[in-house]
Amino acid sequence: MNVLGEDCGPVLVISPNTLKENWRYELERWLSPRRSVAVQYAGKPWGPSDIHVINYDIVSRYAEQITSTPWGMLVCDEAHYLCNPKAARTKAVNAVQARRIL
């Protein structure tokens, strides 16, 4: 079953740091057809991928790359990390343009 659909486009998953590798593992295990999954770490360059997994603590550092991409889907795991509207991470996530938001 193709969960994301053919027209989904790139996917951005934002999660707590401790869950990033788990997201990669589960995506690589369950997605059909396979899609490339990149886990972003602080200070590392932003590379091409079908699915990007990034944590809340560094999302504002990559705001330019995130906001310039027309995302097919945005997934915010543990969205309570976005409860402070003045926080840089909340502002960065709120600026994301995506066709679907979960």
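Student: What percentage of the 102 residues is buried?
Tutor: Buried residues make up 37% of them. Keep in mind that this is a predicted model.

Student: And the accessible surface, how much is there, and what share belongs to carbon and sulfur?
Tutor: About 6,000 Å² in total, with 55% belonging to carbon and sulfur atoms.

Student: Which elements does the protein have, and in what order?
Tutor: Three helices and five strands. From the N terminus the order is β-α-β-β-α-β-α-β. The radius of gyration is 13 Å, close to the 13 Å the globule rule gives for 102 residues, so the protein is as compact as a globular protein of that length.

Student: What does the C-alpha trace span along its principal axes?
Tutor: About 40 × 25 × 25 Å.

Student: New topic. How many salt bridges?
Tutor: Two. In one, Arg-24 meets Glu-21, 3.0 Å from N to O. In the other, Asp-57 pairs with Arg-89, with the closest N and O atoms 3.1 Å apart.

Student: Where do Asp-57 and Arg-89 sit?
Tutor: In distant parts of the chain, 32 residues apart. Asp-57 lies in the loop between strand 3 (51–55) and helix 2 (63–67), and Arg-89 in helix 3 (residues 88–94). Asp-57 is partly exposed at 49% relative accessibility. Arg-89 is partly exposed too, at 25%.

Student: And how are Arg-24 and Glu-21 placed in helix 1?
Tutor: They are three residues apart in helix 1 (residues 20–30), so about one helical turn separates them. Arg-24 is partly exposed, at 23% relative accessible area. Glu-21 is partly exposed at 36%.

Student: How far apart are the mean positions of the positive and negative charges?
Tutor: 5 Å, for 12 positive and 10 negative charges.

Conventions
Residues are numbered from 1 along each chain as its sequence is written. This is a predicted model: local features need pLDDT of at least 70, side-chain atom pairs count only at pLDDT 80 or more; totals for chains, interfaces and linings use all residues. Side-chain values use heavy atoms; hydrogens and water are left out. Helices (H or I, at least four residues) and strands (E, at least two) are DSSP runs, numbered from the N terminus. The radius of gyration is taken over C-alpha atoms; the globule rule is 2.2 Å times the number of residues to the power 0.38. Buried means under 20% relative accessible area, exposed over 50%, partly exposed in between (1.4 Å probe, protein chains only). Accessible areas come from the Shrake-Rupley method with a 1.4 Å probe; for residues, only the protein chains shown count as cover. Lys and Arg count as positive and Asp and Glu as negative; His and the chain ends are not counted. The place of a charge is taken as NZ of Lys, CZ of Arg, CG of Asp or CD of Glu. A salt bridge is a side-chain nitrogen of Lys or Arg within 4 Å of a carboxyl oxygen of Asp or Glu.
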